[in-house]
Amino acid sequence: MNWIIGAVCALVVAGAAYRKKSLTRSGSLAAVLMGTIYYGAGNLFWFGTLLLFFITSTLLSKYHKDRKQELEKSYAKTGNRDAGQVLANGGIGMVLCLGNWIAPHPFWMYAFIGVMATVTSDTWATEWGSLSRRPPRSVVTWKVLTPGTSGGVSWLGTMAAAVGGALIGLGAFFFSWIAGLEGLGLFGWMMVGLVGGLGGAFADSYLGATLQHMYRCTVCGREVEVAEHCGHATVHSRGWSWMSNDLVNVLSSVIGGCLAIVLGIILAL
């Protein structure tokens, strides 16, 4: 029955997101598959956390969208998420959910909240940080960067990342209580979300500033994540050719999840 409930709920949410152009067709199919597994193999703790990330991130992507349109031309991914982005954000969590279904243990839950806090913190930092009146700075050199440059951080974006991660922790406490799961208290879950989210978000920025494959526009000179900008093909600027934005998201999620496991185990002692 849980698998049926998960499939129906995922279909409703993905269908609504597709109509609102928050998901592409491939993104909707990936979301249905993911949501079904999250609830079927898990429970409200897993599905609710995923939904909390998706809804809040979608709403933030629509907030002041007119002011973000120019910057979005530099990003490999925009608010209209495809299957690759959906799986990069929630695929690891799906694997963790299946792991807990096969061999239940609290560290699966800690890792999951760290992963979801990372993708939430990263998304919130991007959406809020792009509205900052001050230009971002490189997370590596602290030099001022052009808004939208990968690897840039700002105080507004950092605060948004912290709030996003803590929110996932708050949601973890609430959903675990509703599902009748034993585990960390409110403070513990919020700390796991905060630390995992911030750690993963900064890892994402660091990888974006050092290893991610970046291009340079031959017209405006801006460093971008896309192969075409200003109507012309861009040229390779830096980074490893196979280190895509989606792979950076996956690696940073792993880091955030590992931090959450360590902290969760310590707080549970």
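Me: Contact means heavy atoms within 4.5 Å; leaving aside neighbours within four places in sequence, with which residues is G91 in contact?

Reply: In this predicted model, local features need pLDDT of at least 70 and side-chain atom pairs count only at pLDDT 80 or more, whereas totals for chains, interfaces and linings use all residues. Residues are numbered from 1 along each chain as its sequence is written, and side-chain values use heavy atoms, with hydrogens and water left out. G91 is found in helix α5, where helices are DSSP runs (H or I, at least four residues), as strands are (E, at least two), numbered from the N terminus. With the neighbours set aside, the residues that G91 contacts are M34 and V86.

Me: Does G91 count as buried or exposed?

Reply: Buried means under 20% relative accessible area and exposed over 50%, with partly exposed in between (1.4 Å probe, protein chains only). The relative accessibility of G91 is 12%, so G91 counts as buried.

Me: At what angle do the axes of α2 and α3 cross?

Reply: M34, G35, Y38, Y39 and G42 in α2 meet L44, W46, F47 and L50 in α3. By class, this contact has 7 nonpolar, 2 polar and no charged residues (Ala, Val, Leu, Ile, Met, Phe, Trp, Tyr, Cys and Pro being nonpolar, Asp, Glu, Lys and Arg charged, the others polar). The axes, lines fitted to C-alpha atoms over the stretch in contact, with angles from 0 to 180 degrees between N-to-C directions, come within 7 Å and cross at roughly 150°.

Me: What is the radius of gyration of the protein?

Reply: The protein has 9 helices and 7 strands, and its C-alpha atoms fill a box of roughly 55 × 40 × 30 Å along the principal axes. The globule rule, 2.2 Å times the number of residues to the power 0.38, gives 18 Å for 269 residues, so the protein is as compact as a globular protein of that length. Taken over C-alpha atoms, its radius of gyration is 18 Å.

Technical notes:
Contact means heavy atoms within 4.5 Å.
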